[in-house]
Amino acid sequence: MDHGGHGMTMDLPPFTLGRGLEWSADPFFLVACLVGLALYGWGVARLVRRGDRWPVARTVAYGIGVLTVGLTMCTRLNDYGMVMFSVHMVQHMILSMLSPILILLGAPVTLALRALPVAGHGRKGPRELLLVLLHSRYLRVVTHPAFTIPMFVASLYGLYFTPLFDFLMGSRTGHVAMMVHFFAVGLVFFWPIIGVDPGPHRPGHLMRMLELFAGMPFHAFFGIALMMASSPMVDTFTHPPASLGIDALGDQTSAGGIAWAFSEIPSVLVLIALLFQWYGSEQRQARRTDRAADRDGDKELEAYNAYLASLHARGGN
């Protein structure tokens, strides 16, 4: 029996990691991954050709990020995810909380701004359109925490605990749209927090940490709710194929455990990135202060010493 155009998912053998990682590409995500890698590679090559440097770590982070999308959506994980809640939850967590972080650490917007050519006078090319988008009111709204945090939470509770999830899982198009949504929500949530690329919302490092941890408790509560449920909560996964040899409630409990545990992984990853960025920012500020002192002969220090000397002279009198 076919399930929503994803192939013979009703006759899948019991899940193993080896079977899950077998090739089974979703056309949309396959093309998206290949285009994403090609464009990023073109940008890096263009910078290198003109003698500019681009950090290798950013290229590696972006490449691994796209690879995680491919592993999630272009293998049989995607087939098993149509009939197993636990595998679907792995897909959701990777696409919303791991792939976006890695791709954002690759700074694709910064690369595009540096690699795209400047259009002629009075014209708008891809670079100019990208700048318009970066400064648009729309982007200011969708990257503001008043939008990103509720959207991040609603993608869990508003999707799984309403009929919308079953409706989307009823077709391949709906399933792909859901996965694109998970990825997009992850991007807009983590973009202002990670802060590598330019954007309209750029809070300080401490505020970024607060934004990060603001959404995580809701994520943990969602996982706990699934684990503690005494009956299946999502119709799509209520009657798994007999060939899988799984129990629906046990599989739901596993899905909840995955959602609960996975919230720690991006938190640690982003926190490490933020601490490195904070340290680097402090170092750059210190170097700028040193250069300014070298240029003006350290007038600020001289003025302070003169102030101390005047206080001493006054005290001597």
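**Helix 5 and its two packing partners**

The axes of helix 3 (residues 56-73) and helix 5 come within 10 Å and cross at roughly 160°. The model is predicted: local features need pLDDT of at least 70, side-chain atom pairs count only at pLDDT 80 or more, and totals for chains, interfaces and linings use all residues. Residues are numbered from 1 along each chain as its sequence is written, and side-chain values use heavy atoms, with hydrogens and water left out. Helices are DSSP runs of H or I with at least four residues, numbered from the N terminus. Axes are lines fitted to C-alpha atoms over the stretch in contact, and angles run from 0 to 180 degrees between N-to-C directions.

Helix 3 and helix 5 are therefore roughly antiparallel to each other (angle over 145 degrees). The crossing of helix 3 with helix 5 is left-handed, that is, the near helix is turned anticlockwise from the far one by less than a right angle. Thr-68, Val-69, Thr-72 and Met-73 of helix 3 make the contact (heavy atoms within 4.5 Å) with Gln-91, Ile-94 and Leu-95 of helix 5. These residues comprise four nonpolar, three polar and no charged; Val, Leu, Ile and Met are among those counted as nonpolar, Asp, Glu, Lys and Arg count as charged, and Gly is among the polar ones.

Helix 5 (residues 85-97) also packs with helix 10 (residues 145-160), at an angle of about 160° and with the axes 12 Å apart. Helix 5 and helix 10 are therefore roughly antiparallel as well. Their crossing is right-handed, with the near helix turned clockwise. Phe-85, His-88, Met-89, His-92 and Met-97 of helix 5 meet Phe-152, Ser-155, Leu-156 and Tyr-160 of helix 10. Six of these contact residues are nonpolar, three are polar and none is charged.

How values were computed:
Parallel < 35°, antiparallel > 145°, perpendicular 65-115°, else oblique.
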